[in-house]
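I open this notebook to record what I looked up in one structure. The entries follow the order of my reading.

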Amino acid sequence: MSALKKLLYKLLHPGGKAAVLLTICGAAASAAVFLLDADGAAAYLLYLISAYALAVICAYSARLLVKLKKLIMSVEPGRRYFEDIAFRRKAALYVSCGINSLYALFKMAAALIYKSIWWGAVAMYYLILSQIYFWLIKCMKQSKSIENEIYEERIYRLCGCSIFLLSAALSVVTICMVDYGMAQSYPGVMIFAAAAYTFHSAAVAVMNVLRSARYNSPILSASVNVNLVRAIVSMFSLQTAMTARFASDGGGSFMSVAAGGALAGMGVLAIAIVMIVKSSSRIRKLLILDREGESCDQTYR
């Protein structure tokens with residue numbers, strides 16, 4: 001190992017006590033920047049401390065994740081999770097359903113507490129997504145056969161139709177926001193919870209899209225698309241909240257919300273159309289194969 005690599009390793013792995021101290025200092029520096037509205041040299045110094053603390057935390061987190069993976073692999077369910085792609089996808093579907101349901105309840109609670117029509121509308125959106133997740137989990141338990149392949153493709157198409165309706169609802173919500181200014185900012189630290197959920201949704205969606213070629217199940221593929229829709233809507237929701245809280249230019253805010261809503265609506269609509277067209281084509285092919293198989297059986301008899 002070269003001298004530079006040794007130096008970088010020591011900087012990123014200063015020891016357990018030093019890492020804890022750096023974490024506390026980094027959190028304090030970040031709080032100081034926002035609470036004291038620091039600027040100039042002091043702000044740059046605080047940002048530098050926060051960045052270094054974050055780098056150390058990431059380095060230690062990577063090591064902990066490797067150890068955690070080895071621990072999980074030591075038991076049968078954990079080993080199956082990492083080695084069986086279908087099992088991992090099914091487990092991820094349960095996790096996504098749970099997280100989405102909790103976030104829907106979080107939005108609903110915010111709507112009741114702050115008497116916000118906007119958050120109530122967004123909560124209903126996520127409740128509908130949760131129902132789609134529950135539906136996919138229920139349908140996923142069906143056994144494999146040619147008839148069930150057609151059944152899964154029809155479920156995939158129905159998910160596409162549901163997403164199509166969600167895209168229409170999203171367009172209505174966007175129009176209401178632009179025309180009537182319904183979007184509201186998150187009070188206090190709630191915006192950080194929304195940001196964490198958004199980044200989690202985006203990360204899960206990107207990873208699932210990259211791995212989707214491995215799945216040989218229309219239901220699992222539908223869950224990938226639902227995760228992608230969830231991420232798109234979460235990003236749009238966070239964008240409107242950030243704009244309402246921090247933007248000072250009314251015209252710029254109007255254009256930002258309108259552009260974000262248009263992009264989100266077109267993205268969700270494109271996903272729905274692709275799902276409906278692909279599933280309809282596959283269903284026709286499966287039905288033709290099924291009829292040809294029945295004809296062969298009758299001829300043999």
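Which residues is C159 in contact with, leaving aside its neighbours within four places in sequence? I found I132, W135, L136, A222 and M275, where contact means heavy atoms within 4.5 Å.

I noted the basis of the entries. The model is predicted, so that local features need pLDDT of at least 70 and side-chain atom pairs count only at pLDDT 80 or more, while totals for chains, interfaces and linings use all residues. Residues are numbered from 1 along each chain as its sequence is written, and side-chain values use heavy atoms, with hydrogens and water left out.

I looked up the overall fold next. The protein chain has ten helices and zero strands; helices (H or I, at least four residues) and strands (E, at least two) are DSSP runs, numbered from the N terminus. Among contacts between residues at least 6 apart in sequence, I recorded that 76% join residues at least 24 apart.

I returned to C159, which lies in helix α7, residues 146-180. C159 has a relative accessible area of 0% and is therefore buried (under 20% relative accessible area, with a 1.4 Å probe and protein chains only). I also noted I219, 60 residues from C159 along the chain, with 9.1 Å between the two C-alpha atoms.

I then turned to R230 in helix α9, residues 218-246. R230 counts as buried because its relative accessibility is 0%. Beyond four places in sequence, its contacts include Y126, Y133, Y197 and H200.

Lastly, I recorded that 35% of the 301 residues of the protein chain count as buried.

Notes:
Buried means under 20% relative accessible area, exposed over 50%, partly exposed in between (1.4 Å probe, protein chains only).
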